[in-house]
Amino acid sequence: MGRGRVQLKRIENKISRQVTFSKRRTGLLKKAHEISVLCDAEVALIVFSTKGKLFEYSTDSSMESILEKYERYSSAEQVNNQSEQQGNWSLECSKLMARIEVLQRSLRNFAGEDLDGMSLRELQHLEQQIDTGLKRVRTRKNQLYNESISELQKKEKALHEQNNMLSKQLEQNEKTMAEGSNWEQQNLGQNPTSFMPLPPPAIGYHLISLVLFSLKIKQNFESMHDLLQLSKFSYPLMRTVSG
């Protein structure tokens, strides 16, 4: 039977780990030497053990010269990458600037400016876009008008109901006061010398307050009614002008 595949994981036994490191290190140095001789390649190998001991191998050229060559190559690679990134950024910036210029020219065309360089087809397309935008604006404007009129109608209805309620309260108070006055006159006619107490002043006070409040509600109702009538008149007129 062939040897089984070795599982790559840390060797827990310290002695076995040290033996394996020694064997693999020797094999690695041998492979580095072989590839440098067979392929005429410059090879630099650096290995540190767990105790920090250094093991290295380099070809006929010194380790320092190979490391300097590696540093120069790494620096050149970084410069090339940076140059490539800057070139990509410059290209992206140019694309964005061109896009901004197109958008700004479109805004000026929508405002009726810089139309001399446009062809007939471009002008027709621009006109179609403006007409579509105007239709959307008018639709939204009419929607707001309808909502305003609906809100005014609701307020008018609420004021009507409040005014009717106040009118009923005034009629009830007048009826109560009339019955009290009739009762007082009947008592005075039966016993003119007797002393009859006057009605509480609170009734008259509340009645005056109720009348003043009713007048205020009536004024608000009349103002709201005038505003609603003005809206009903101006809305068709504005539709006619805008159309």
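Which residue with a positive phi follows H1? I looked: Asp 40 comes after H1, and its phi is near 50 degrees.

Before going on, I noted that this is a predicted model, where local features need pLDDT of at least 70, side-chain atom pairs count only at pLDDT 80 or more, and totals for chains, interfaces and linings use all residues. Residues are numbered from 1 along each chain as its sequence is written, and side-chain values use heavy atoms, with hydrogens and water left out.

**Helix H1.** I checked residues 14-38: H1 has 25 residues and spans 36 Å from first C-alpha to last, close to the expected 36 Å (1.5 Å times one less than its number of residues). Helices here are DSSP runs of H or I with at least four residues, strands are E runs of at least two, and both are numbered from the N terminus. At the start of H1, I found a side-chain oxygen of Asn 13 within 3.1 Å of the backbone nitrogen of Ile 15.

Next I looked up E1 (residues 44-48) and E2 (residues 54-58): they run antiparallel and are joined by five bridges (strands pair if DSSP finds at least two). Val 47 has Phe 55 as its bridge partner in E2. Five residues lie between the strands, and Gly 52 in the turn has a positive phi of about 90 degrees.

**Faces of E2.** I saw that Phe 55 and Tyr 57 point to one face and are buried (under 20% relative accessible area, 1.4 Å probe, protein chains only).

Terms used:
A polar contact is a pair of N or O atoms within 3.5 Å; within protein, one must be able to donate a hydrogen and the other to accept it, and residues adjacent in sequence count only if both atoms are side-chain atoms. Buried means under 20% relative accessible area, exposed over 50%, partly exposed in between (1.4 Å probe, protein chains only).
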